[in-house]
Amino acid sequence: MTAKFSFDLLATDGKARRGVIHTTRGDIRTPAFMPVGTAATVKAMMPESVAATGADILLGNTYHLMLRPTAERIDRLGGLHKFMNWDKPILTDSGGFQVMSLSALRKMTEDGVTFKSHIDGSMHTLTPERSMEIQKLLGSDIVMCFDECTPFPAEEKVAHESMRMSMRWAKRSREAFGDRPGHALFGIQQGSVFRDQRQESAEKLAGIGFDGYAVGGLAVGEGQDMMFDVLDYAPDMLPTDRPRYLMGVGKPDDIVGAVKRGIDMMDCVLPSRSGRTGQVFTRHGVVNIKNARHQDDPRPLDENCTCPACRNYSRAYLHHVFRAQEMISGMLLTWHNLHYYQELMQGMRDAIEVGRFAAFEAEFHAQRAQGDIDPL
Ligand SMILES: [Zn+2]
């Protein structure tokens, strides 16, 4: 047990970083991928199965949990870890991003955002102070600042105003969070695709002082090229002795490219959501299990994968249960996808430790370029 949140940088290879985040609920090996447990569950997975894939930490969504079952109820029931039976670390987002993407936005002011629930139409207000309160009620280990995720594309002036408001909200978040040993607060860099704004944002955040720093406002439709352009400089602006978190990313090649550019943590719904729609991530790229080519195929999805879906079931079976809309389909494919993502992270961690990240990256792209195994 560590009494305090801390980050150790163990090795670097180019800009890629291998580290470990110590929390009171266990260590997080970085680079880390965080599965998304939106409504206090990673859909189609038991928590022990999520842990078995190699995940050290989960992400929970403030927006969803504050509306249902409410943060106050989760607090009364002993906190989010107990409620969902996950005793490892949990990071919660601030709710800001999903207010923008899911609710009928009513009003944004300097104070915060008032919005209508997408579930029952009830009215709610999120401010930096309320977001800190909710994340504290949930018992989150890593709390995110309340910010405005600047939409893309944004004019330079609009992005600048948005970033500056987020920095004022970051200061309010820091003050409202207070001193909570064992719990961490991360600041979020904004500034869209404008380098000078990213710099200004990084300086303001460092001036306030946070336990970790996120690169926000990416993966919002700008595309991989533009995202990598920003990642070529934005993480370098953040303190080197704190974890760096890229929010909402991404596809496997986004993740490898982000780690290459100095990112330590990521989260995305993609592996779990895709598992429910029949899209499978493998070393050889994406496989669509609903495709008729699999219906007589007795081979596993990936003969080298050790997940239950690959060890115990054929492509023909996975194709059948997907077509028949059986629940085990989402369960097995989600397990495989999360297992694949965690293996990818382990592969990168191992490669950075021995200084062969470039070779790992080349092999990653070469295997994907081969494509799926030939049909029978
Ligand atoms: Zn598998």
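Trainee: Is Asp93 buried or exposed?
Mentor: Happy to start there, and keep in mind that this is a predicted model, in which local features need pLDDT of at least 70, side-chain atom pairs count only at pLDDT 80 or more, and totals for chains, interfaces and linings use all residues. Residues are numbered from 1 along each chain as its sequence is written. A residue is buried if 20 or more other C-beta atoms lie within 10 Å of its own, exposed if 12 or fewer, and partly exposed in between, with C-beta atoms placed from the backbone. Asp93 has 30 C-beta neighbours inside 10 Å, so Asp93 is buried.

Trainee: Where does Asp93 lie, and which residues is Asp93 in contact with?
Mentor: Helices (H or I, at least four residues) and strands (E, at least two) are DSSP runs, numbered from the N terminus. Asp93 lies in the loop between β6 (90-92) and α5 (96-102). Two residues are in contact if their C-beta atoms, placed from the backbone, lie within 7 Å. Leaving aside neighbours within four places in sequence, the contacts of Asp93 are Leu59, Asn61, Thr62 and Met144.

Trainee: Which residues does UniProt give for the feature "active site"?
Mentor: UniProt positions use the numbering used here, feature names are shortened, and annotations may be inferred rather than shown by experiment. The entry is unreviewed, and its "active site" feature is placed at Asp93 and Asp267. They span 175 residues in sequence, yet no two of their C-alpha atoms are more than 10.6 Å apart, so they gather at one spot.

Trainee: Which residues does Asp267 touch?
Mentor: Asp267 sits in strand β14 (residues 265-268). With 22 other C-beta atoms within 10 Å, Asp267 is buried. Not counting residues up to four places away in sequence, Asp267 touches Met34, Val36, Leu59, Met247 and Gly248.

Trainee: Which residues does UniProt list for "binding site"?
Mentor: This feature also comes from an unreviewed entry, which lists Cys305, Cys307, Cys310 and His336. They span 32 residues in sequence, yet no two of their C-alpha atoms are more than 8.2 Å apart, so they gather at one spot.

Trainee: Is Cys305 buried or partly exposed, and which residues does Cys305 touch?
Mentor: Cys305 is found in the loop between β16 (285-288) and α12 (308-312). Its 17 C-beta neighbours inside 10 Å make Cys305 partly exposed. Setting aside residues up to four places away in sequence, Cys305 touches Cys310, His336, His339 and Tyr340.

Trainee: And is Cys307 buried or exposed?
Mentor: Cys307 is also in the loop between β16 and α12. Beyond its neighbours within four places in sequence, Cys307 is in contact with Trp335, His336 and His339. Since 24 C-beta neighbours fall inside 10 Å, Cys307 counts as buried.

Trainee: How many residues does each domain bring to the contact between domain 1 and domain 2?
Mentor: Domain bounds come from an automatic or database domain assignment, and here they give domain 1 (6-267) and domain 2 (275-370). Their centres, taken over C-alpha atoms, are 27 Å apart. The contact takes 24 residues from domain 1 and 22 residues from domain 2.

Trainee: Which element gives the most to the side of domain 1 that touches domain 2?
Mentor: At least two residues each come from β1 (6-13), β2 (residues 16-23), β4 (32-35), α1 (47-52) and α10 (252-260). With five residues, the element that gives the most to that side is α10.

Trainee: How many bridges join β2 to β3?
Mentor: Two strands pair if DSSP finds at least two bridges between them. Strands β2 and β3 (residues 26-30) run antiparallel, and a hairpin joins them through two residues. Thr23 has Gly26 in β3 as its bridge partner. The number of bridges joining β2 to β3 is five.
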